[in-house]
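Here is a short report on one structure. Please look through the sequence and the model before reading on.

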Amino acid sequence: MTDATGQSYDPYILVEDVVKLLRSHGLSPDSSPGHLAEAAAGAGKLLRALDIAVAQHPDIALRRSGTLMWGESQDV
Amino acid sequence: MKLLHSGKVRDVYADGDDIILVASDRVSVYDVSLPTPIPDKGKLLTQLSLWWFDRLQGTVPNHVLSAIDVPQEYTGRAVRCRRLEMIQVECIVRGYLAGLGLKEYERHGSISGVALPEGLVEGSKLPEPVFTPTTKASGGAHDEFITFDDVSAEIGEKPANRLRDISLELYAAAAPIAAEHGIIIADSKMEFGLSPDGVLTLGDELFTSDSSRFWPADRWEPGRSQFSFDKQYVRDWATGTGWDKRPPAPTIPAEVVGATRSRYIEVYERITQKTWTDGKVQ
């Protein structure tokens, strides 16, 4: 979803970036399981508001490919 | 051809601008690769996926370029694909209640924010197929259910609507085809991306035993764990050994390998109505 300017960023990476940033400011953000969906939604919204398209870098997408199967995610 | 990534079940190569996906015979349970392969599993799943891609290509373009123009040693188990910029939403459609969807329903009475009727049990047929997306984190985080509103916020309302509509459309097209041959597609995961020219494109694999739950219709009985045409047999065996679910995993006995392979073959043959003989499509 690269926009017309060719700028894109991964919202999940942005969430990680923000967690690090907040920690560097002495805060303790809660990034435990259960917060990711809402955080990703917020990150995507922020990126799009700044005219940065949301996208997963192809290399990251490929690393995921074949790593975890659907049935396997049900093992967890 | 350059190896980009070797996953638990699939290897990914780059060949110029294209990607070559090579499905292995490896099987993993509880996130651990088992030392014993299931012969032909990679070919069976690749051929089934190709069959679905071909059958459903009218619904949405897919990433398949060729199943023939691949290295000879991977014939049958490899697909040359377009390189897509992937959309970070796992698009899951559920027609029945199982797995993590069941757990989520038992906790909240809903899945991905979709309210479901009270009183459903494991294996229940849902009033209608529902779109229950999950996150698709870049790192090692487990995927989490995400509401449709959050998907809209993340990627935009229009793309979110398209993902939901196409996912449901694909499921609605595939489920009756499988049902004709006595197979229930309980649920399925789809992945989409954008091609270099910006077209929404179906990627990954489609309606295979690794991306879907297949149940034999004649053994379907809500209220209990369903007989499944996937690695459930291996999973049950592994659990029965008392293995602690940490590497190294135990070697799979020949009879379990044989029974698992038979299930993969059966689902391939029933859905495609083709015969599988010694790893070759007849």
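At what angle do H2(A) and helix H3 of chain B pack, and how far apart are their axes?

## Where the chains meet

This is a predicted model. In it, H2(A) and H3(B), residues 148-155, pack at an angle of about 30°. Their axes are 6 Å apart. From H2(A), the contact takes in A:Ala37, A:Glu38, A:Ala40, A:Ala41, A:Gly44, A:Lys45 and A:Arg48. From H3(B) come B:Asp150, B:Ser152, B:Ala153, B:Glu154 and B:Ile155. By class, this contact of H2(A) with H3(B) holds five nonpolar, two polar and five charged residues.

## Two helices of chain A

H2(A) also packs against H1(A). Here the angle is about 100°, and the axes lie 8 Å apart. Angles of 65 to 115 degrees count as roughly perpendicular, so H1(A) and H2(A) are roughly perpendicular to each other. H1(A) brings A:Pro11, A:Tyr12, A:Leu14 and A:Val15 to the contact. Among the residues of H2(A) that take part are A:Leu36, A:Ala39, A:Ala43 and A:Leu47. The contact of H1(A) with H2(A) counts ten nonpolar residues, one polar and no charged.

## The second largest pocket

What is the volume of the second largest pocket? The value is about 490 Å³. The lining has 24 residues. Nearest the centre lie A:Val15, A:Val19, A:Ser31, A:Leu36 and A:Ala39.

Helix H1 (11-24) and helix H2 (36-49) of chain A each supply at least two lining residues. H1(A) gives the most, with nine. By class, the lining divides into 14 nonpolar, five polar and five charged residues.

## A five-stranded sheet in chain B

Chain B has an open sheet of five strands. The order is S1-S2-S3-S7-S6, with antiparallel pairing. Why is one side of S1(B) and of S6(B) left without a neighbour in the sheet? Strand S1 (2-6) and strand S6 (64-66) stand at the edges, each with a single partner strand, so one side of each has no neighbour there. From one strand to the next, the twist averages 35°.

S6(B) pairs with strand S7 (residues 78-81) of chain B in the antiparallel sense, over two bridges. B:Ser66 stands opposite B:Arg80 in S7(B). Helix H1 of chain B, residues 41-55, lies across strand S3 (18-23), S6 and S7 of that chain. This H1(B) runs at about 45° to S7(B).

## A three-stranded sheet in chain B

Another open sheet of chain B is formed by three strands, in the order S8-S15-S16. The pairing is antiparallel. Strand S8 (85-86) and strand S16 (200-202) of chain B are the edge strands, and each pairs on one side only.

How many bridges join S15(B) to S16(B)? Three bridges join strand S15, residues 192-194, to S16(B), and the two run antiparallel. B:Leu194 stands opposite B:Leu200 in S16(B).

## Backbone details in chain B

Two loops deserve a look. The peptide bond from B:Pro247 to B:Pro248 is cis, with omega near 0°. B:Pro248 sits in the loop between helix H5 (232-240) and helix H6 (254-272) of chain B.

The other loop holds B:Ser112, between strand S10 (110-111) and strand S11 (114-115) of chain B. Phi of B:Ser112 is near 50°, a positive value in a residue other than glycine.

Technical notes
Residues are numbered from 1 along each chain as its sequence is written. Chains are lettered from A and ligands numbered from 1 in the order in which they are written. This is a predicted model: local features need pLDDT of at least 70, side-chain atom pairs count only at pLDDT 80 or more; totals for chains, interfaces and linings use all residues. Side-chain values use heavy atoms; hydrogens and water are left out. On a 1 Å grid over the protein atoms alone, a cavity is a set of points where a 1.4 Å probe fits but cannot get out, and a pocket is an open set with protein on both sides within 12 Å along at least five of seven lines; lining residues have an atom within 4 Å of a point. Grid points are joined across faces, edges and corners, and a volume is the space filled by probe spheres set on the points. Helices (H or I, at least four residues) and strands (E, at least two) are DSSP runs, numbered from the N terminus. Ala, Val, Leu, Ile, Met, Phe, Trp, Tyr, Cys and Pro count as nonpolar, Asp, Glu, Lys and Arg as charged, and the others, Gly among them, as polar. Axes are lines fitted to C-alpha atoms, for helices over the stretch in contact, and angles run from 0 to 180 degrees between N-to-C directions. Angles under 35 degrees count as roughly parallel, over 145 as roughly antiparallel, 65 to 115 as roughly perpendicular and the rest as oblique. Contact means heavy atoms within 4.5 Å. Two strands pair if DSSP finds at least two bridges between them.
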